[in-house]
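Student: Could you take me through the reading of a structure, one feature at a time?
Tutor: Gladly; please have the sequence and the coordinates open while we talk.

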Amino acid sequence: MTESWFGLLLEVELGAPGHGGFCVARHEGRVVFVRHGLPGERVVARVTEDRGGSFCRADAVEILSASADRVDTRCPIAGPGGSGCCDYSHATADAGRRLKSFVVAEQLRRVAGVEREVRVEELPGTGDGTGWRTRVRLAVDSSGRPGYHRYRSSSIVNELSCPQMDSAAFEGLSGQQWRPGAELQVVLDGAGTRHVVEVAPAQISTTGRRSPGRRGASARRAASSRARPEKAVIGSGRVTEYVSDRAWTLDATGFWQAHRGAAQVYTEVVTEWADASPGDGAWDLYGGVGVFAASLAVGVGQEGHVTSVEFSRRAAEDGRSALADLTQVSFVPGRVERSMDALAEPVAVAVLDPPRAGAGRDVIDALAARGPRSVVHVGCDPASFARDVSLYRAAGYELTDIRAFDAFPLTSHVECIGRFVRK
């Protein structure tokens, strides 16, 4: 077994960007995933994680030869040893989008076998890459202080100075005592109202509390995903958001796109690519509060029908209220993979906006079996998106169009939308 390099300082030259906000380097025959650097730079990197095997992880702690794309970091808490929020804050905005474009194209090539040039696009409201975020979930440490998780760690950085969100969102939060282990959902909604909701700590099993390894991490993630008591501390906890002159009212802890320009742009792309016709049946899977369902309803008209499937009953209720005037839209609360078999109506077009893990084989195979002529798929992780592309291709669909958006400036994250047409 390779002797651990943990804590060692390595002088390396950085190569191509990888999925996850790092650049790939090599040292003595091993791969080193280095954060806080840029391609072509020569750096001193401190190894932060080494579990043996062919690779380890490191932070660039000294830049020996800087890239022309490097700028002074815009996030004071995201450097080596800091939070995981802004892993591209040391790059120009254009450079960040080029890095993301490379990663998306590489994932499509490696995972899906698709050679496609991709250009990550800026979203309206991005500005200089700061202040674009409308909502954030903060952690609360054992002392009752809020902050951001450190990269790949359960420990918390208590400084609320990440530039993704307007600093007004955090006013007064550091000076209050919060329930240890809780989370704070902070939202600046479309009506300009600030909401802060305290979410009760997750009830973690004995396994999750005692195990520091993979089993414990899985138990903690499972506990965090369960419904927990919520208390609105600032604002009502019910936010108002707008797309195409329609208003939605939903819980502050409910899903809405984080970037202030994303929901409108994605709706426009989905509307164009779905190309729903009067009388069509359409599905909006992982539909949330029905933003895409509203645009599909216009296409199918009163003669057609739109079914939105969403796991959260609360979101489905909020969607039903927002779209009460669109009688051709119905909401089905439930898991997508368990609900499609019960949908009796034929489907001509389908839209999917799954969570970061993507849709997966069961959902895509079940959807393909129903034979929609076109599918529009929104993915917020390049690797899971590329895997889903490969599944669509295997199920008889061709990727005809793809657009990628810089929905998370200063970070390595990117959102992709693909259009698939039955071969």
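This is a predicted model: local features need pLDDT of at least 70, side-chain atom pairs count only at pLDDT 80 or more; totals for chains, interfaces and linings use all residues.

Student: How should I read the strands, and what is the order of strands in the open sheet of 8 strands?
Tutor: Strands (E, at least two residues) and helices (H or I, at least four) are DSSP runs numbered from the N terminus, and two strands pair if DSSP finds at least two bridges between them. The order in this open sheet is β7-β21-β22-β20-β19-β16-β17-β18, with mixed pairing. Because β7 (120–121) and β18 (329–333) each have a single partner strand, they stand at the edges, and one side of each is left without a neighbour in the sheet. β7 pairs with β21 in the parallel sense over 2 bridges, and the partner that glutamate 121 finds in β21 is phenylalanine 405.

Student: Which strands are at the edges of the open sheet of 6 strands?
Tutor: That sheet runs β1-β5-β6-β4-β3-β2, again described as mixed in its pairing, and its edge strands are β1 (9–13) and β2 (17–18), each of which pairs on one side only. Within this order, strand β5 (residues 42–49) and β6 pair in the antiparallel sense over 7 bridges, and alanine 45 stands opposite alanine 60 in β6.

Student: How is a pair of aromatic rings described, and how many aromatic pairs are there here?
Tutor: A pair of aromatic rings is described by the distance of the centres and the angle of the planes. Rings of Phe, Tyr and Trp (its six-membered ring) pair if their centres lie within 6.5 Å, and planes under 30 degrees apart count as stacked, over 60 as edge-to-face and the rest as tilted. By this rule the count is 7 aromatic pairs. One of them is the tilted pair of phenylalanine 33 and phenylalanine 55, with 5.1 Å centre to centre and 35° between the planes. This pair links distant parts of the chain, since phenylalanine 33 belongs to strand β4 (residues 30–35) and phenylalanine 55 to strand β6 (residues 55–65), 22 residues apart.

Student: Which charged end sits over the ring of tyrosine 151?
Tutor: A charge sits over a ring if NZ of Lys or CZ of Arg is within 6 Å of the ring centre and within 35 degrees of the ring normal. The charged end over tyrosine 151 is that of arginine 35, 3.7 Å from the ring centre, and arginine 335 lies over the face of phenylalanine 311, at 4.3 Å from the ring centre.

Student: How many disulfides are there?
Tutor: A disulfide is a pair of cysteine sulfur atoms within 2.5 Å, and by this rule the count is 0. For cysteine 56, the nearest cysteine sulfur is that of cysteine 23, 15 Å away, and cysteine 56 is buried at 1% relative accessible area. For cysteine 416, the nearest is that of cysteine 380, 9.5 Å away.

Student: Which residues touch the most other members of the largest nonpolar core?
Tutor: A nonpolar core is a set of buried Ala, Val, Leu, Ile, Met, Phe, Trp, Tyr and Cys residues joined through side-chain atoms within 4.5 Å. Of its 46 residues, those are Trp248, Trp256, Tyr266, Val306, Leu323, Val329 and Ile417, and α4 gives the most to this core, with 8 residues. Apart from it lies another core of 34 residues, including Val104 and Leu108.

Student: Where is arginine 152, and what is it in contact with?
Tutor: Arginine 152 lies in the loop between β9 (146–149) and β10 (156–157). With contact meaning heavy atoms within 4.5 Å, and leaving aside neighbours within four places in sequence, arginine 152 is in contact with Glu49, Arg51 and Arg57.

Terms used: Residues are numbered from 1 along each chain as its sequence is written. Side-chain values use heavy atoms; hydrogens and water are left out. Buried means under 20% relative accessible area, exposed over 50%, partly exposed in between (1.4 Å probe, protein chains only).
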